[in-house]
Amino acid sequence: MYSILEAKELADSIYEFVVKAPNVAANCEPGQFVIVRTSEDSERIPLTICDYDREKETITIVVQVIGAGTYMMKSLKAGDSFHDFVGPLGRPSELIDTPIEELKQKKILFVAGGLGTAPVYPQVKWLHEHGVDADVIVGAKTKSLIIMEKEMEAVAGTLYITTDDGSYKRQGMVTKVIEDLYAEGKKYDLCVTIGPMIMMKFVCLLTKKLELKTIVSMNPIMVDGTGMCGACRLTVGDSVKFACVDGPEFDGHLVNFDEAMKRQQIYKTAEGRAYLKAKEGDTHHGGCGQCGGDK
Amino acid sequence: MDVLKKVPVREQDPKVRATNFEEVCLGYNKEEAMEEASRCLNCKNAQCIKGCPVSISIPDFIKEVKEGNFEEAYKVINKSSSLPAVCGRVCPQENQCEGKCIRGIKGEAVSIGKLERFVADWAFENGIKPSVNAEKKNKKVAVIGSGPSGLSCAGDLAKMGYDVTVFEALHELGGVLVYGIPEFRLPKEKVVKKEIENVKALGVKFEKNTIIGKSFTIDELIDKYGFEAVFIGSGAGLPKFMGIPGENANGVFSANEYLTRSNLMKAFKESETPIMIGKKVVVVGGGNVAMDAARTALRLGSEVHIVYRRSEEELPARVEEVHHAKEEGIIFNLLTNPVEILSDENGWVSGIKCIRMELGEPDESGRRSPIEVPGSEFEIECDAVIMSLGTSPNPLISSTTKGLEINRRKCIVVKEENGETSKEGVFAGGDAVTGAATVILAMGAGRTAAKGIDEYLSSKGN
């Protein structure tokens with residue numbers, strides 16, 4: 001069992017947990033992820049590491065309630081625990097292996113969408129601690145979904161916040177901010193973008209035009225997270241890669257996003273059914289002619 | 001009774017079992033076991049022992065069964081095997097012990113596997129546990145992986161008195177026994193959990209959710225945590241794909257994914273983890289894993305076809321599994337090889353394009369190699385495809401351990417006689433060394449390495 005030391009709601013249906021996990025905290029690096037299970041029967045949920053403290057032996061994760069597994073996490077409080085918590089998984093961000101002097105020469109831009117703000121944070125923080133200040137764009141649908149603004153402000157060079165509906169700071173998609181910055185004459189050498197696949201796809205389409213190298217962090221369906229199942233396979237350039245062991249970060253200009261987005265949909269109906277059951281109890285027993293539950 | 005024939009074993013009716021996940025084979029009862037045991041000729045120069053990768057004293061345990069001394073029989077088996085209830089169920093006996101049985105020349109071999117299973121199940125029911133007599137040695141050994149090779153290595157080392165800790169990457173113990181082999185062939189609560197409890201009773205400690213190579217490295221195990229020797233039994237977990245067009249379509253799964261969802265994550269019953277239930281499923285491959293995937297899909301309600309490029313004779317699966325699969329209604333499309341997976345406009349599998357094959361000259365493995373028949377392409381309509389083409393070792397450990405030699409197939413290189421790797425104090429065995437093979441070969445390798453580790457640590461002194 002892995003104790004939860006802190007639990008709080010960051011925004012509407014977005015929760016943060018600080019978890020005691022000595023084996024993960026000792027060796028993890030920005031860009032890596034963990035797999036979490038709430039109870040003995042839960043599914044395995046991959047979550048990117050959002051912060052870590054080697055001395056306190058803790059890992060911070062941020063979760064958005066989207067299905068049955070994450071719905072279970074909603075009610076967890078400090079003092080509760082996760083049944084399973086394994087990692088660090090995947091490869092660390094490429095930035096970690098780049099010489100600091102080389103990074104200091106570069107203008108780096110982070111583009112975060114919604115929950116993607118959380119995994120962007122440890123990378124920006126790591127750079128800040130090594131004397132590199134990167135600019136950060138954070139986008140969300142609306143003001144209430146903006147998370148970690150203060151934390152990000154403390155480690156970013158310049159922080160640009162935008163909302164789709166204009167309810168907070170700038171108005172428009174993250175791609176509009178990139179366009180605006182370039183129109184103002186800014187230029188970057190490297191972009192790192194994390195968020196919904198559709199957002200990463202459009203960021204990559206734009207940065208390709210701008211000839212700006214872009215790293216994405218992919219979050220496909222996974223089961224074990226150690227290379228065993230192949231559910232997370234993606235087409236990157238000419239080859240098939242497993243996000244769990246070859247990634248999760250890839251050259252965004254080479255990723256086949258259309259295929260990846262289709263693959264995200266595989267269990268949509270089944271997941272929706274499990275989510276409804278977790279939320280409302282065992283209310284539906286088939287007979288609707290849609291779900292096959294009566295067969 | 002006809003001494004030339006095996007005492008038949010009771011099985012669930014094929015029509016009934018095709019719709020449930022209960023165990024197919026029901027095993028012998030006391031009377032049946034004693035009757036079958038009486039067929040053993042108790043050969044002086046017993047060939048069966050030579051066919052057993054862990055060298056169980058087969059005629060000795062069968063003699064005890066014949067006389068009704070089941071506890072003694074269990075003790076005989078336990079000297080050589082830590083997992084008899086598992087091996088009695090999943091070993092390919094026809095190629096091993098039973099394949100060498102003298103009875104098999106004129107009639108049917110003695111049903112050694114079923115007798116082993118009977119003895120192990122009887123011991124569970126009667127609360128008989130393996131015992132440790134060895135004096136405690138104050139030496140720590142780490143075992144990586146809780147699958148067959150790790151469990152057998154850990155069990156043997158604990159019996160010798162070592163302080164053993166097993167590290168497992170997943171949230172459940174047992175490796176392929178829990179994620180790979182389905183419930184209807186190897187019950188988890190009734191068999192696997194109990195076998196692991198027996199290994200725990202020997203004093204072995206288990207750490208789940210710990211990935212060596214990620215959570216910490218082998219060097220850390222030795223330098224930081226004080227382990228004096230390490231056994232790598234991390235298996236062969238990486239699935240292979242064919243590399244044909246359309247393989248990333250929705251509805252194409254590796255057998256590993258499909259079976260892990262069903263077995264480890266319990267998607268075959270109520271579970272948060274979903275599994276796709278196709279109307280018509282094509283399983284590509286002819287090994288035991290292919291049979292497991294096919295029979296799982298069948299039980300979940302799909303029509304299932306096995307597509308295999310050679311003929312029935314070359315099917316690598318156990319004879320019993322092929323026989324059971326056929327009885328249950330799996331359709332075999334032999335001498336057929338996929339060339340492309342077809343999908344609809346939304347990216348879902350709609351069919352599989354195959355080509356007919358014929359058998360040519362034997363290749364280096366001795367099997368006749370399949371050759372495409374030109375112009376014979378045809379399509380099989382289906383909505384799911386499960387690729388069961390074998391697996392290769394996971395590079396997580398080899399890529400994070402300096403000085404550990406691997407071959408071009410990514411398998412760890414060891415000395416066959418003691419499991420020693422190129423790195424001092426580090427031993428390995430099972431699928432991580434051989435590539436995907438069988439439970440019993442992995443257990444044999446685990447035993448060999450346990451002996452190797454004992455010799456190494458004894459020669460090192462204190």
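The model is predicted: local features need pLDDT of at least 70 and side-chain atom pairs count only at pLDDT 80 or more, while totals for chains, interfaces and linings use all residues. Residues are numbered from 1 along each chain as its sequence is written, with chains lettered from A and ligands numbered from 1 in the order in which they are written.

**Chain A**

Chain A has 10 helices and 17 strands; helices (H or I, at least four residues) and strands (E, at least two) are DSSP runs numbered from the N terminus. The radius of gyration of chain A is 19 Å, close to the 19 Å that the globule rule gives for 295 residues, so the chain is as compact as a globular protein of that length. This radius is taken over C-alpha atoms, and the globule rule is 2.2 Å times the number of residues to the power 0.38. The C-alpha trace of chain A spans about 60 × 45 × 40 Å along its principal axes. Of the 295 residues in chain A, 47% are buried. A residue is buried if 20 or more other C-beta atoms lie within 10 Å of its own, exposed if 12 or fewer, and partly exposed in between, with C-beta atoms placed from the backbone. Among the contacts in chain A with a separation of 6 or more, 64% come from residues 24 or more positions apart; two residues are in contact if their C-beta atoms, placed from the backbone, lie within 7 Å.

**Contact between the chains**

On the chain B side, 29 residues are in contact with 35 residues of chain A. Two or more residues each are given to this side of chain B by strand 7 (238-239) and helix 14 (255-264) of chain B. Helix 14 of chain B provides the largest share, 4 residues. By type, the side of chain B that touches chain A divides into 11 nonpolar, 14 polar and 4 charged residues. Here Ala, Val, Leu, Ile, Met, Phe, Trp, Tyr, Cys and Pro count as nonpolar, Asp, Glu, Lys and Arg as charged, and the others, Gly among them, as polar.

**Nonpolar core**

A nonpolar core is a set of buried Ala, Val, Leu, Ile, Met, Phe, Trp, Tyr and Cys residues joined through C-beta atoms within 7 Å. The largest has 221 residues, and those with the most contacts inside it include A:Val34, A:Ile61 and B:Phe231. Helix 19 (residues 439-460) of chain B gives the largest share of this core, 10 residues. Beyond its neighbours within four places in sequence, B:Phe231 is in contact with residues including B:Val141, B:Cys153, B:Phe427 and B:Ile453.

**Hairpin in chain B**

Strand 12 (residues 336-343) and strand 13 (residues 349-362) of chain B run antiparallel and are joined by 7 bridges; strands pair if DSSP finds at least two bridges between them. B:Glu340 stands opposite B:Lys353 in strand 13 of chain B. The two strands form a hairpin with 5 residues between them, and B:Gly347 in the turn has a positive phi of about 90°.

**Backbone features**

| Cis peptide bond | Omega |
|---|---|
| A:Gly87 and A:Pro88 | about 0° |
| A:Gly247 and A:Pro248 | about 10° |

A:Pro88 is found in strand 8 (residues 84-89) of chain A, whereas A:Pro248 is in the loop between helix 8 (243-246) and strand 17 (249-251) of chain A.

A:Lys169 has a positive phi of about 50° although it is not a glycine. With 16 C-beta neighbours inside 10 Å, A:Lys169 counts as partly exposed.
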